[in-house]
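Here are a few exercises to work through with the viewer open. Try each task before you read its solution.

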Amino acid sequence: MVMYADDSNDQMPWPNWGNGYGPGWLYQPVSGRAPDPMKTNDIKYVEAGLYWKYLKERRSYNCPLDKTNNISWMKRAQRVSSYIMNGAVCKFGDFPDGKTFKLGAFNPAAYVIWEPEVKNYGGTWGTNPGFDASQYPNLDEGVGRRHKKGAVITGFSAQVHFIKFEDFQREQTQNKPGLLWCVPGDPKGGGP
């Protein structure tokens, strides 16, 4: 993230919000959907993601505990990564396609990337209802339960740490603006 912003006049990448524009941080959407890394024809769309030139390793996109033989991985639509980006980067879709905030506009302690909850939505598995690589920080699209007591989370300063479930829930419900609802200049951080 920091290397991309350094090379892009401090601009954050598109967070793949809604799969209607790209490329984003994680991939180039394929006809309004996330590419499937299991389909060889879709690999070029994964490699078109804006972070690919810095990482160039598929394993870096996945938590080691996110197993490809697990039903939650096999059935979800977005299988490119175990992680998602905070939709605050594009003002939760209020910005036109491609417009994002600069990295320096965010509180460095705020959260930009986390492991999402993987749920079964009426028979369809997904990392969130939009099946993209970004999220709202709310109870429906919260932090994942892959780890026993919390989840891995990354801040805008590039710090990575473990956050307890209850701390994430408290932050998303009580602090607007805060470390999750963190749209720059918005009195509620973009929160409802």
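Helices (H or I, at least four residues) and strands (E, at least two) are DSSP runs, numbered from the N terminus. The model is predicted, so to speak of a local feature takes pLDDT of at least 70 and a side-chain atom pair counts only at pLDDT 80 or more, while totals for chains, interfaces and linings use all residues. Residues are numbered from 1 along each chain as its sequence is written, and side-chain values use heavy atoms, with hydrogens and water left out.

**Exercise 1.** Find the place of Val-112, and decide whether Val-112 is buried or exposed.

*Solution.* Step one: Val-112 sits in strand β2. Step two: its relative accessible area is 0%, so Val-112 is buried (under 20%; exposed would be over 50%, partly exposed in between, with a 1.4 Å probe and protein chains only). Step three: list the contacts (heavy atoms within 4.5 Å). Leaving aside neighbours within four places in sequence, Val-112 touches Met-1, Met-12, Ile-84, Met-85, Asn-86, Val-89, Thr-154, Gly-155 and Phe-156. Step four: for a distance check, take Pro-13, 99 residues apart from Val-112 along the chain; their C-alpha atoms are separated by 12 Å.

**Exercise 2.** Work out which strands pair with β2 (pairing takes at least two DSSP bridges).

*Solution.* Start with β1 (residues 84-86): two bridges join β1 to β2 (residues 111-114), and the two run antiparallel.

**Exercise 3.** Say what lines the largest pocket.

*Solution.* There are 17 lining residues, and Tyr-51, Leu-55, Ser-60, Ile-113 and Thr-154 lie nearest the centre. By element, α1 (2-7), α3 (52-55), β2 and β6 each supply at least two, with β6 giving the largest share, three residues.

Key. 1 Å grid on protein atoms, 1.4 Å probe; cavity = no way out; pocket = protein on both sides within 12 Å on 5 of 7 lines; lining within 4 Å.
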